[in-house]
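Below are my notes on the model, as numbered points. Please read them next to the sequence and the coordinates.

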Amino acid sequence: MSFFPHTNMSAKTGGRRFAPRTILLGIAIVAVFCSCLAAYVALSVPWLGVRFAAAPDGPGLAVVSVDSSSPNRGRLAPGQVVRAISDAEGRTVALNPNLLLDEPDTLSRADLRRFIHEQEMLSRMVVNAPVATTSDGQTVPLHTQAPPLAFLVGDFSLQTGYAFLSFFIALGIWVVRPEQTAARFFALSGFGVLLNGLPLGIYSSRDLVIDGQLFQVLSALNHAGSLIVCASLVSLFWVYPRRLARWTLAMPALLFVTAAVCWVLTLFQISDGASTTVYLPIFLSYITGLIFAGLQWRASRGHPTDRAALKWCLLAIFSGTVMLIGLVTIPPVFGYAPLVPVAVGYAGFLMVYLGLAAGLLRYRLFDIERWWFKTWLWFAAGLIVVAFDLTLVFFVNMTSSSALAVSLALSGWLYFPLRQLLWEKIGQRFSTSQDDALRELVDTLFAATSERQIIATWPYLLSHTFKPLQVKDHEPAVEMPVISDDGVRMLVPAFGADDKPQMLEFPGGGGRLFSPQDSRMAGLLHDLTRKALQGLRARQAGADMERNRIMRDLHDDLGARLLDLVYASDTPLCRDIALAAIEDLRGLVDATSGDSVRLGHLITTCEGEARTRLTEARASLKWRLNADLPGNQMVSARAVANIMRTLREAVTNVIRHAEADKVDVEWRVERHTLIITIADNGDAADPSEWSAGHGTRTIHTRTGDLGGTAVWRRNRPSGSRLEMSLPLPL
């Protein structure tokens, strides 16, 4: 699920003449047409219905199996060795293993010419009463026919299937990202795969005979496709995920010109064969691509999305090319036959294109962070076992079974303990971060005395746990932690209707992406915090009920006694004191009743009380309100009681200790904080020299109860200045 627009999708789509779906449909039609054309050509090749293999001893080809619908069923049998094929005109071709090669272009130039000449002769002979000469001197008449449709299910369907899927994936990426240079190179490589795979599917699926001229045409197309794929993929790493140079297209142009030159040399047989002009350039392209990938790794440092996309691409390239290049392409460069059948090796194309597509689309890049390291450890384990095994066989002259046992033992004793140690070291970092986050959360929950404290520390807890580059509010509500498709951002739900979800960007200080483990951790922290808030609210509700009961008892019992004292008092002074005590008791009961008041009403009430008291003390009052003061904002009864008592205590201190005749009170709001300033022109000592008394302790306690602070400073030119900062809302 993606909740963020892709910032790199800034293409101007207004210039498109066709919708992406229409283009995809056209691409599919072209690919299907090419596949049908390849199938038609494959079904036009002469078919004997016999599967041959190199003779185990001596010249010729051994019959491995005879197809049930073969025209030669009953004439040839498995195990027979066919030495030569002749026709009615007396032409004879001695059969040799080179005639069965899936990729004949791995032969030297002389052997390749001989292969083409022999295929041309065979293609003419099989329609002119051919006979096969076996190793025991017998002659067996041979017949050919068009292959049945079932013939296409096998090597042909594998090759064309790989080519079709890779082509469709590459062009599908280009359709949705036509403005992206890397997507264009990727699409061009997909065209190269199709050009490479379809001809290969035709001539690699033959049982023995194919027209020599047809093979030359198909081989030329195959070579062109191979060179296009190499030039395109190397160019892709030149521009993706970051451009390695300002002259973006100069290097790709050089690569494609080089590929064209190699193809021309191969076409006109100027060089020593395809091993030099096709396979060697492929090998060098592989090395060049690795160099460009290394430069991309360095350039993507500090850019986690680019680094993760590059990881996808590298993993796809290596996993696919281990089979394709390592087992099929590279051995012929050094004079060896491919280690696996071409049809098996070319499955690597599909792995490469699936991985590259994921990297280019940048979809769920955080998944690579989870298993990237595990995959390479798995790959290294297999490589170490193979390396040990080959070393013991070729250099120590052990038998293959003994070498395998020793290599497995060495890998188990050396590699796997080191792997486990390394994995524990790497995995411990996030585990430590989780432990710290849970410890921090528990400490905060147990130390908190209000909901505000818990909610205020929530962004800090997220920052401490995931270390993102940025934490900010986000508007759309979410019910659970959600990670963006590219793993760059994570949304964490809020705790109430007045709170906003938190959006975290680039975890680990920008060095990694969010993963499903981060989502689970955020969900755990959110659930614990939410339950702590519920518990705190339950405790506060119980405390409020008990407080209200006590206040009712005070009002009913103590209020009645004070009222009796008013009526029973003989002096006006005692009566006034009793009436004042009743008024304070009513204020105390009102403060605990839970009824909120507007800030403007609170300010007016405080002004009236302060002005009355200062007038009686023969001091003037200047009452100032900031223009941006939110007078309609509601203030809780608890905050009202604390603010009124704090101001009352401050005015009392001025009257008793300052001997001031001017008092200045200012109310203002700065950054969601209510600031109340009480300044006087008295002659009290510097606040830094004061000793904490009951009044100052009371003010500190009441402002702290609201999550605020109280600070005394020296007032200029004389007097002291009290500044109270209270976070809104109250």
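1. Helix H5 (residues 212-239) and helix H6 (residues 250-267) have axes that come within 9 Å and cross at roughly 165°. Axes here are lines fitted to C-alpha atoms, for helices over the stretch in contact, with angles from 0 to 180 degrees between N-to-C directions. H5 and H6 are therefore roughly antiparallel to each other; angles over 145 degrees count as such, while under 35 is roughly parallel, 65 to 115 roughly perpendicular and the rest oblique. Their crossing is right-handed. A crossing is right-handed if the near helix is turned clockwise from the far one by less than a right angle, and left-handed if anticlockwise. Residues of H5 that make the contact include Ala220, His223, Leu227 and Trp238, and those of H6 include Met251, Phe256, Cys262 and Trp263. Contact means heavy atoms within 4.5 Å.

2. This is a predicted model, in which local features need pLDDT of at least 70 and side-chain atom pairs count only at pLDDT 80 or more, whereas totals for chains, interfaces and linings use all residues. Residues are numbered from 1 along each chain as its sequence is written, and side-chain values use heavy atoms, leaving out hydrogens and water.

3. H6 also meets helix H7 (residues 274-299): the axes come within 10 Å and cross at roughly 165°. H6 and H7 are therefore roughly antiparallel as well. In this case the crossing is left-handed. From H6 the contact uses Met251, Cys262, Leu265 and Thr266; from H7 it uses Thr277, Val278, Pro281 and Phe292.

4. The protein chain has 19 helices and 17 strands. Both are DSSP runs numbered from the N terminus, with helices (H or I) of at least four residues and strands (E) of at least two. Of the 730 residues, 45% count as buried, that is, under 20% relative accessible area with a 1.4 Å probe on protein chains only; exposed is over 50% and partly exposed lies in between. Among contacts between residues at least 6 apart in sequence, 71% join residues at least 24 apart.

5. Two strands pair if DSSP finds at least two bridges between them.

6. E7 is joined to strand E10 (residues 502-505) by four antiparallel bridges. Gln470 has Glu505 of E10 as its bridge partner, and Val471 stands opposite Leu504. E9 and E10 likewise pair in the antiparallel sense over four bridges, with Leu491 opposite Met503.

7. In a regular strand the side chains alternate between the two faces of the sheet. Both faces of E10 are covered: Gln502 and Leu504 are buried on one side, Met503 and Glu505 on the other.

8. How many disulfides does the rule give? A disulfide is a pair of cysteine sulfur atoms within 2.5 Å, and the count comes to zero. The sulfur of Cys34 is too far for a bond, because its closest cysteine sulfur, in Cys36, is 9.3 Å away. Cys34 is partly exposed at 23% relative accessibility, whereas Cys230 is buried at 15%.
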